[in-house]
Amino acid sequence: MARKNYLFTSESVSEGHPDKVCDQISDAIVDLYLGADPHSRVALETLATTNRVVLAGEVRGPSSIGPENLIETTRQVIRDIGYEQSGFHWQKADVSCYVHSQSADIAQGVDAAGNKDEGAGDQGIMFGYACRETEDYMPAPIYYAHRILFEMSRLRHSGQLPELGPDAKSQVTLYYEDGKPVRATSVVVSTQHGEDVSQERVREIAGNIVSEVLPKGWMCPKEEFYVNPTGRFVVGGPDGDAGLTGRKIIVDTYGGAAPHGGGAFSGKDPTKVDRSAAYAARYVAKNVVAAGLADKCCLQLSYAIGVAKPLSIYADLYGTGRVEEGKLEAAIMELIDLSPRGIRERLALSRPIYRRTASYGHFGRKPEADGGFSWERLDLVDALKETLG
């Protein structure tokens, strides 16, 4: 029997966190290639440390895009985030590029040819999840952890909070009563700040933002509100800690409230099912919950490299379903083409829409006019209802 009363915690990190700097650079380069040719293939890793960025990976795309374009894109991302610090500066950082052409062995397995459909870019398992805890069908702890940092970033970029630096983290612990979140029991906010900014001022800023973001009456006790618990946080970003692409996969998804297949998203074009199938699984799970078929839904998909069809599909409704899981699985396979090509075409993924996903979560966002966050649409609800009664 599922527990009804418990504590659950999720964390988020800002766009200036070292790992998120790397995720954004990698995804900006994915966008660069897809913007030039939607059939581009990209697998791009980024490392960042004190005034140094290293790009590595393999690509297949227009010859007009060279190392100088990747380096320029890298600097633009760092500038947009707001790094003009002595230890990490968009203009002064040394950017090294070790990107080369895609392996022909991988290409022949993934590309469509003759009667062979486009295969998955790798083997693996992917999960999608949705629940009724928030208006965006996301688990509440990660939803509010993201919103705290998003608001802090918005105010920093607007010039209203010049005291703050780009690097920040949040952590929200919620108390669940009868299986529903009812209040925060503790909140942690750590944020980079200027040399002359007092800890009292940082605490005031963080307190105002958290109180505004959390629902009325949800604020944790004063003694459980932790702001920069170690004290000063002046040196931050890649100068304070090295960053790598793909190290914040739980921040990227559901904050630990649902399984993760293990593969990261950023730096990968949509033929890589680590990314596209995880988006498709979220899309289906969200529509299942929105259709009223369950209060919670977790969907697992599995693939083999070079094989078009998914090897398996598994649905878990956590005892909240109004339909049998087996019937739901069959209906999903009937309604949606979950091959790499089918996913990419249904969600229109071969577009430059990825840099924006690389901070504040890939899920629980609003679908955008240019096709960004297309996997958050609710256009499958009617078909699910009709098929499953």
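Begin by selecting helices H4 and H5: their axes come within 9 Å and cross at roughly 130°. Helices here are DSSP runs of H or I of at least four residues, strands are runs of E of at least two, and both are numbered from the N terminus. Axes are lines fitted to C-alpha atoms, for helices over the stretch in contact, with angles running from 0 to 180 degrees between N-to-C directions. The model is a predicted one, in which local features need pLDDT of at least 70 and side-chain atom pairs count only at pLDDT 80 or more, while totals for chains, interfaces and linings use all residues. Residues are numbered from 1 along each chain as its sequence is written, and side-chain values use heavy atoms, with hydrogens and water left out.

**The H4–H5 crossing**

H4 and H5 are therefore oblique to each other; angles under 35 degrees count as roughly parallel, over 145 as roughly antiparallel, 65 to 115 as roughly perpendicular and the rest as oblique. The crossing of this pair, H4 and H5, is right-handed, a term for the near helix being turned clockwise from the far one by less than a right angle, with anticlockwise giving left-handed. Display the side chains of Tyr144, Arg147, Ile148, Glu151, Met152 and Leu155 in H4, which meet Ile209, Val210 and Val213 in H5; contact means heavy atoms within 4.5 Å. By class, the contact of H4 with H5 comprises 7 nonpolar, no polar and 2 charged residues. In this scheme Ala, Val, Leu, Ile, Met, Phe, Trp, Tyr, Cys and Pro count as nonpolar, Asp, Glu, Lys and Arg as charged, and the others, Gly among them, as polar.

**The second largest pocket**

A pocket is an open set of points on a 1 Å grid over the protein atoms alone, with protein on both sides within 12 Å along at least five of seven lines; a cavity is a set where a 1.4 Å probe fits but cannot get out, and lining residues have an atom within 4 Å of a point. The second largest pocket holds about 330 Å³ of space, a volume being the space filled by probe spheres set on the grid points, which are joined across faces, edges and corners. Among its 14 lining residues, Tyr143, His146, Arg147, Phe150 and Gly364 lie nearest the centre. H4 provides the largest share of this lining, 5 residues. The lining divides into 6 nonpolar, 2 polar and 6 charged residues.

**The largest cavity**

The structure holds 3 cavities of 30 Å³ or more, and the largest has a volume of about 80 Å³. Centre the view on Phe127, His260, Gly261, Phe265 and Ala278, which lie nearest its centre among 13 lining residues. Strand S7 (124-131) and helix H8 (273-290) each give two or more residues to the lining of the largest cavity. S7 has the largest share of that lining, 3 residues. The lining of the largest cavity has 7 nonpolar, 5 polar and 1 charged residues.

**The largest pocket**

Next, locate the largest pocket, with a volume of about 440 Å³. Of its 16 lining residues, Asp178, Gly179, Lys180, Lys296 and Thr320 are the closest to the centre. Colouring the lining by class gives 6 nonpolar, 2 polar and 8 charged residues.

**Two further helix pairs**

Select H1 (residues 18-36) and H2 (residues 67-81), which pack at an angle of about 130°, with their axes 9 Å apart. That angle makes H1 oblique to H2. Their contact is made by residues including Ile25, Ile29 and Leu32 of H1 and Leu70, Val77 and Ile81 of H2. The contact of H1 with H2 has 10 nonpolar, 4 polar and no charged residues.

Finish at H9 (residues 325-335) and H11 (residues 381-388), which pack at about 125° with their axes 10 Å apart. H9 passes H11 in a right-handed crossing. Lys327, Leu328, Ala331, Glu334 and Leu335 of H9 make the contact with Ala383, Leu384, Thr387 and Leu388 of H11.
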